[in-house]
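Me: Could you walk me through this fold, one question at a time?

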Amino acid sequence: MRNAPSPSSDRAWYSPHRIVISWMALATLVGMGGCGGPTKSVTGPGDPPTTGACRQFSVGATPLFPPQLPCGAPGPTTAGAVSSLNSFWGGQVQACACLIPQCIGTIGAVFPFDPARIYYDRDQLTYFDRVSGSTVPSDIWLAHEYGHAVQLALRLQVRHTELQADCLAGFYLGARVCAGTARQTDILATFQTFCFAGGPPGSTWFNPGVHGSCPERVSAVQRGLNGYLGGLSPGASCPL
Ligand SMILES: [Zn+2]
């Protein structure tokens, strides 16, 4: 039913952008509400708080034209996950189940020519759901892809495109912790899937589009998670 997970993930599909707007655009996004102030110390995954408002943002990534590739209707779980991401980032990103051979074996992809749609391999996400016993890791993989939509919407110029997407995914994971919809076991399962999809160590220092090794990816997700729970902005959390 499923294909073997692809360590290369969406790497082959995503071309990093080098355009104009800097991290300032993301750093100046204003959060609403709070889930721990800037002085709160968060050093690792713990029991999630379940009270209080959780910050959301207004990036506004929205499709401006029809899908540029065959776009399958997402299942209810994926549709719900992307809807939650849209609420978090203030966007209208759409999910497309992959219908073309090039997608098979990837986890997901966001294309520069179709920057507000996430094309995903449903079998991969189904696999993560099954091995994790949780839908949170798949949600955070979608959040990684959504991170690319954020990068494209803001035309971010970053040093490590993929690790920043991991960090932004972790930032969203922080919101899930804040909302009480991700628990410690979900966080650990998420780390495991990102570790699993890690590449060879030492390759990111010269190639900004490389996903990163297991510890680099987990560290990036952790950094975003801590940033959100510590009350930081996305830009301050993920200046990779
Ligand atoms: Zn990516």
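A few friendly questions and answers follow.

Reply: Happy to; this is a predicted model, where local features need pLDDT of at least 70, side-chain atom pairs count only at pLDDT 80 or more, and totals for chains, interfaces and linings use all residues. Residues are numbered from 1 along each chain as its sequence is written.

Me: In what order do the elements of the protein chain run from the N terminus on?

Reply: Helices (H or I, at least four residues) and strands (E, at least two) are DSSP runs, numbered from the N terminus. The protein chain has eight helices and four strands. Its elements run α-β-α-β-β-β-α-α-α-α-α-α.

Me: Which strands stand at the edges of the sheet?

Reply: Strands pair if DSSP finds at least two bridges between them. The four-strand sheet is open and mixed, in the order E1-E2-E4-E3. Two strands have a single partner strand each, so one side of each is left without a neighbour in the sheet: E1 (71-72) and E3 (108-111).

Me: Which residue in E4 does glutamine 94 stand opposite?

Reply: Strands E2 (residues 94-98) and E4 (residues 114-120) run parallel, joined by four bridges. The residue opposite glutamine 94 is arginine 117.
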